[in-house]
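Hello,

Here is the structure I promised to pass on to you. Please have a look at it first, and then read my notes below.

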Amino acid sequence: MLGIDIIKNIRIARAIDRFGYSFLNRIYTAGEIQLCNMNIECLSGRFAAKEASIKAFSMLLNKSFSFRDFEILKAKNGAPELKINNPYLQHFIKTKNLKPLISISHEKEFSVAVCYITKEEAIC
């Protein structure tokens, strides 16, 4: 299953300017806020990755999910890593032996992300 999202970085900057921490705390975990340290490109990339994850898992399970169900952290090698905060999803992923993968990219005004859900054994 695949999910993709693109966002104009200025939209995140404007939302933070307008709503401040109420916006940040509704979308991001404390770990993500600390990791990004108010870097708009970082926050935008994580927003897109969460949207891509919501789309992929919603299509897979025909169920709705929220931004806080997903956390985008950094792996030891610096790559984005998806952490699932939803117990139902955690159980589903474990029992089906799935591995969600995230990729984030930036280009001046935009951030884009892809979530790809594959079988654990399919990863080389």
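**What I found**

Glutamate 32 is found in helix 3, which covers residues 30-36 (helices are DSSP runs of H or I with at least four residues, strands are runs of E with at least two, and both are numbered from the N terminus). Before going on, a word on the basis: this is a predicted model, in which local features need pLDDT of at least 70 and side-chain atom pairs count only at pLDDT 80 or more, while totals for chains, interfaces and linings use all residues. Residues are numbered from 1 along each chain as its sequence is written, and side-chain values use heavy atoms, with hydrogens and water left out.

Back to glutamate 32: is this residue buried or exposed? Glutamate 32 has a relative accessible area of 0%, so it counts as buried (buried is under 20% relative accessible area, exposed over 50%, and partly exposed in between, with a 1.4 Å probe and protein chains only). Setting aside neighbours within four places in sequence, glutamate 32 is in contact with Ile27, Lys50, Phe70, Glu71, Ile72 and Leu73 (contact means heavy atoms within 4.5 Å).

Next, the loop between helix 3 and helix 4. Asparagine 37 lies in this loop, and its phi is near 50°, a positive value in a residue other than glycine. Methionine 38 lies in the loop between helix 3 and helix 4 too, with a positive phi of about 65°. For context, most residues other than glycine have a negative phi. Asparagine 37 is exposed, at 63% relative accessible area, whereas methionine 38 is partly exposed, at 36%.

Now the cysteines. The structure holds 1 disulfide (a pair of cysteine sulfur atoms within 2.5 Å). Cysteine 36 and cysteine 42 form it, with their sulfur atoms 2.1 Å apart. Their link is left-handed, with -65° about the S-S bond. Cysteine 36 is buried at 3% relative accessibility, and cysteine 42 is buried at 16%. Cysteine 115, by contrast, is in no disulfide, and the nearest cysteine sulfur, that of cysteine 36, is 17 Å away. Cysteine 115 is buried too, at 0% relative accessibility.

Of its 35 residues, Ile12, Phe23, Tyr28, Phe57, Phe70, Leu82 and Cys115 touch the most other members. Helix 4 (residues 40-61) gives the most to this core, with 10 residues.

Phenylalanine 23 is found in helix 2 (residues 21-27) and is buried, with a relative accessible area of 6%. Leaving out neighbours within four places in sequence, phenylalanine 23 is in contact with Ile12, Ala15, Ile16 and Tyr28. The C-alpha atoms of phenylalanine 23 and isoleucine 12 are separated by 9.3 Å, and the two residues are 11 residues apart along the chain. Isoleucine 12 itself touches Ile7, Phe23, Tyr28, Leu43, Ser44 and Phe47, not counting residues up to four places away in sequence.

Best wishes

Conventions. Core = buried A, V, L, I, M, F, W, Y, C linked by side-chain atoms within 4.5 Å.
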